[in-house]
Amino acid sequence: SRGGAGAPGRWAGEGSGQTPCTTLVQGKFFGYFSSFAVFPLNSSLCSWIIQNPDPRRYTLYMKVLKPTGICDHQPIRTYQFDSFLESTRTYLGMESFDDVLKLCDSSTRYSFLQSNKQFLQMKQTMSPAEDGHVRRKPTKAQERDFSVEYLVVGNRSPSKAACQMLCQWLDTCLSTSSSSHPCGIMQTPCSCSGGEVLDQPSEMLGLPKKKEDCFKDGIYLENCLSTDGSFSGFCSGGWNPWSAWGDCTRDCGGGLQTRTRICRPIPDEGLVCEGVLEEGRLCNRKACNTNGRYNSRSQSLRSTDNRKREDADELQQYGYPAPQIGDPAAEEWSPWSVCSTTCGEGWQTRTRFCVSSSYSTQCSGPLREQRQCNNSAVCPVHGTWDEWSPWSLCSSTCGRGYRDRTRTCKPPQFGGNPCEGPEKQTKFCNIALCPVDGNWNEWSSWSSCSTTCSNGTQQRTRECNGPSYGGAECQGHWVETRDCFLRQCPVDGKWQAWGPWGSCTTSCGGGTQRRDRVCYGPFFGGDSCQGPKEEYKQCNDKKCPEPHEICDEDNFASVVWKETPAGDAAAVRCPRNATGLILRRCTLDEEGIAYWETPTYIKCVSIDYRNIQMMTREHLSKAQRGLMGEGVSEVLQNLVEISQDGTSYSGDLLSTIDVLRNMTEIFRRAYYSPAAGDVQNFVQIISNLLSEENRDKWEEAQMMGPNAKELFRLVEDFIDVIGFRMKDFRDSYQVTDNLVLSIHKVPASAATDISFPMKGWRGMVDWARTSEDKVTISKSILSTGLAETDDSSVFVVGTVLYRNLGSILSLQRNTTVLNSKVISVTVKPSPRTLLTPLEIEFSHLYNGTTNQTCILWDEADVSSSSSSSQLGAWSWRGCRTVPVDSFRTKCLCERLSTFAILAQLSSDMNMEKVLVPSVTLIVGCGVSSLTLLLLIIIYVSVWRYIRSERSVILINFCLSIISSNALILIGQTQTRNKVTCTLVAAFLHFFFLSSFCWVLTEAWQSYMAVTGRLRNRIIRKRFLCLGWGLPALVVAISVGFTKAKGYGTVNYCWLSLEGGLLYAFVGPAAAVVLGLPLELLRGPTSAGADLDVCGSGNHGSAVSTLPDPLRCL
């Protein structure tokens, strides 16, 4: 029924622009259709579907007669499937038969297939060459037609008629099969002759048609039994089949059996049968018994008058004539006939008639005699087939494969006919089910536009074939949408947003401001905008200020500040290397006189910082959209290099904090996974922000920018993100000039106590190594306090030691001071309670303080009462103070936060730092310098008596030591000024190296004096180059390579251990110390020829100029 009831929805993927034509066949076990009936020429995307009543009980077979002409029609696809899901446009269990049918392959006339699923479908598809409904028609439409027969056969007890037809299909399928065209019928429930193959039906091969017993007019008779003969019961002329063999004429000694047949001539055609009426063969050739008695039966050959004779007992020793009895009524024998065969053994016959009247006696004896004859010609032997070999194994272990079988022909002889029929048969096989991934069919045509004007949408759909047997689902969408446009729709006018208010007509005393808006449109016949175009409001209602309430024009910091009323702020552009505005506020003093405040650069951001800030925001935007990106590490590296030299404006601090906050959000997402270098750069940037050069910027920024709360939260979020987002994260320990940060990832099942800082860590800076601050985190903190904790739980513990954060936060008041460094402790996930208090031991920064109190950062205490108003968010609640000695205090805290020590200033407190030159150092350096200075004075006073090379060397050595002592006493502790500290460290490096070099110079001079090589004053210039020039060269090279990094530490203005800069002093000094004894030992060895220098007085002029006490060493 075409598109009738019971068709399951739209079986084919027709677009809305196509006319669906679907034929669904249900409840039929045999049928036939032509392709023109199911797939008309004037339509497309039609389909034919047959439903198997029960795939477990029935198997569907199909026979297709291919088109005889050129295959230029729309592609026809054939496939079987279990069901179709309308919601997802998916065919379940789909399997294609295109490679089985091969409709466009004309090498075979028929194709066969076997289906074992619920539905079998043949469907038209849109040809890629087609545009719209334009189709190319062939010359003759009949050449495009193909026909289909289908047969539904029961898997158990199939009917005889169905099996007869199916066996004939199988015979044809196998006989026409080849390796390139396997048979599509894999197995049948019927028992066909020869196991599976019937005699080859000539009609399907295009040979003359054979008549068969049970086939008439294209119909197989169900209750018909086929015979082995070649006669068709419906033949209208020719020989009838041979009758059965008669009884043997003798029981022993050799007898004869005969059989006959009847000729049925066709009168209209004059057909006369050719051949014999009767045949005979020998029988019962065994010998008779010894007494010669036997029973015999005689059967004479029938005569034309059907008369019987009973006197033929002696008849027929085969091939011999029967004896005549001399009956006068019998005629003479006819001549022997021609031999029945033209080759080999055959038969000859002769006959006679009995002529008698009613008065004569009847004839006696046989009417016909036979004898054997031999023909000298050799008979041809026709070729015969051997039995078929067993079917081969399937070529595929799963899915559709093929198997074949072969047979051998015994060759013909003596001109016989060759074997007829195929030597090899091939058929498809499927021994197991392969997983088949889902794949999409072609898209349907686009639907009509969803709107009648302006922009609309069109849709098209496609179906998914499969998946089957565990294959993957179809990837992609089953529906696709595109924009469409038919015509413009009328658009009404629409008001745009109000523009900004214009300037006030007066600066004070009341004025008006105006703003307007623009109507966008109308277009294409729409309505105009409704409402007013302009709007007014009052402004500057305050009274005009008096002259003393106005700040006069001022030229400050190379900027001209215009006249501004009190309470307002003037703004000018930032310098060329920055963006933003410089703000300067005009305020009233206690007497009501206007004055200018100091300009603030909080809105100024350097160009370099602004560029990095914009790049970071772009990366964050991509990360929020779920994209993947690169270049984050380069941004951090650039920020490290820029921030090393300090910030130019307080706005740079705000920009850097914003960059780090955005970086933390980027690390938190899948956009970028941080590496170890990113962690180091991140911590280095925070350290650069906390450098002493940025102290004034911090003071200005904290007025309206980030405070301690944002800095603490930034570091805490960074620890959390790094601990849980970084791939293959292990413990990290970052050491910088202004902070030390450690991150530990600890499993709850193997938690141990954590101590911080690690003094023996490689690369530890001096201020952290000499610091006596320490933190002890008990393992009980990591194993309790969480609602759900198991062996797989992991904790991230972060600890930070800040060197100078307290001074930057400006917590010092008139009577209190922050008397320790600042330490932060973070544990993620945060424990609810601490069963064991957190132990933090602080060393004091200042002497002479009292009332040491442990404080912590408490964000919840910001809006509380008096204590918070003095300390901000710092609170002493939650920590217990335990004094250790006059220099140290221990804090036992029940919460995780940021901690420090707050102390009370004494009345005579001079804020002296602990790290000042000790009395021992002052006395030692002072005594040394005074002694050396006295030595120089003595030498100068008696210079005319002791003037020599050695005296010059000694005076220069004394000057280098005195300069070193002075720098130690005066500038070594000038750490607050980085430039001064760097210069002091560089000069100390130079003077200390000079001291060693002058010692080496003195040894060189002594050696040359002993060997008598002092000849002129050029040598003296070499002494100066060695004593002062070599140290200057070493210091210059060290400063150039390190860019002065390492000249000055946190506590002293001396060389730092970081980067190996200290070895620039230790190396040359060690070389001098080791080379000096070698130089002195060379003197006596090299002076062997001058041993009489002191005795004989035979020495050079240079030696003779030395004072007498120095002539001999």
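Trainee: How does S454 count at 25% relative accessibility: buried, exposed or partly exposed?

Mentor: Buried means under 20% relative accessible area and exposed means over 50%, with partly exposed in between (1.4 Å probe, protein chains only). At 25% relative accessibility, S454 therefore counts as partly exposed. Note that this is a predicted model, in which local features need pLDDT of at least 70 and side-chain atom pairs count only at pLDDT 80 or more, whereas totals for chains, interfaces and linings use all residues. Residues are numbered from 1 along each chain as its sequence is written, and side-chain values use heavy atoms, with hydrogens and water left out.

Trainee: Where is S454 found, and what is its phi?

Mentor: Helices (H or I, at least four residues) and strands (E, at least two) are DSSP runs, numbered from the N terminus. S454 is in the loop between strand 24 (439-440) and strand 25 (455-461). Most residues other than glycine have a negative phi. S454 is not a glycine, yet its phi is positive, at about 60°. N540 is another non-glycine residue with a positive phi, near 50°. N540 sits in the loop between strand 31 and strand 32 (550-551), and its relative accessible area of 27% makes N540 partly exposed.

Trainee: What does S177 touch?

Mentor: Contact means heavy atoms within 4.5 Å. Leaving out residues up to four places away in sequence, S177 touches P182, C183, K424, Q425 and T426. S177 is in the loop between helix 3 (160-175) and helix 4 (202-205), and its relative accessibility of 8% is why S177 counts as buried.

Trainee: Which backbone atoms do the polar contacts of S177 involve?

Mentor: A polar contact is a pair of N or O atoms within 3.5 Å; within protein, one must be able to donate a hydrogen and the other to accept it, and residues adjacent in sequence count only if both atoms are side-chain atoms. A polar atom of the S177 side chain lies 2.7 Å from the backbone oxygen of L174. The S177 side chain also reaches the backbone nitrogen of T426 at 2.6 Å.

Trainee: How many residues of strand 10 are buried, and which strands are joined to strand 10?

Mentor: In strand 10 (residues 119-124), 6 of the 6 residues are buried, so strand 10 is largely enclosed by the rest of the structure. One side has F119, Q121 and K123, and the other has L120, M122 and Q124. Two strands pair if DSSP finds at least two bridges between them. Strand 3 (residues 47-51) runs antiparallel to strand 10, joined by 5 bridges, and S47 stands opposite K123. Strand 5 (residues 76-81) is also antiparallel to strand 10, joined by 6 bridges, and T78 has M122 as its bridge partner.

Trainee: Which residues touch the most other members of the largest nonpolar core?

Mentor: A nonpolar core is a set of buried Ala, Val, Leu, Ile, Met, Phe, Trp, Tyr and Cys residues joined through side-chain atoms within 4.5 Å. The largest one has 55 residues, and F667, L690 and Y802 touch the most other members. Helix 10 (residues 708-725) gives the most to this core, with 8 residues. A second, separate core has 32 residues, including V740, V746, F899 and I901.

Trainee: What span should helix 15 have?

Mentor: The expected span of a helix is 1.5 Å times one less than its number of residues. Helix 15 (residues 919-941) has 23 residues and should therefore span 33 Å, which agrees with its end C-alpha atoms being 33 Å apart. C925, S929, L932 and I936 are buried in helix 15, and the buried residues of helix 15 pack against helix 17 (949-971).
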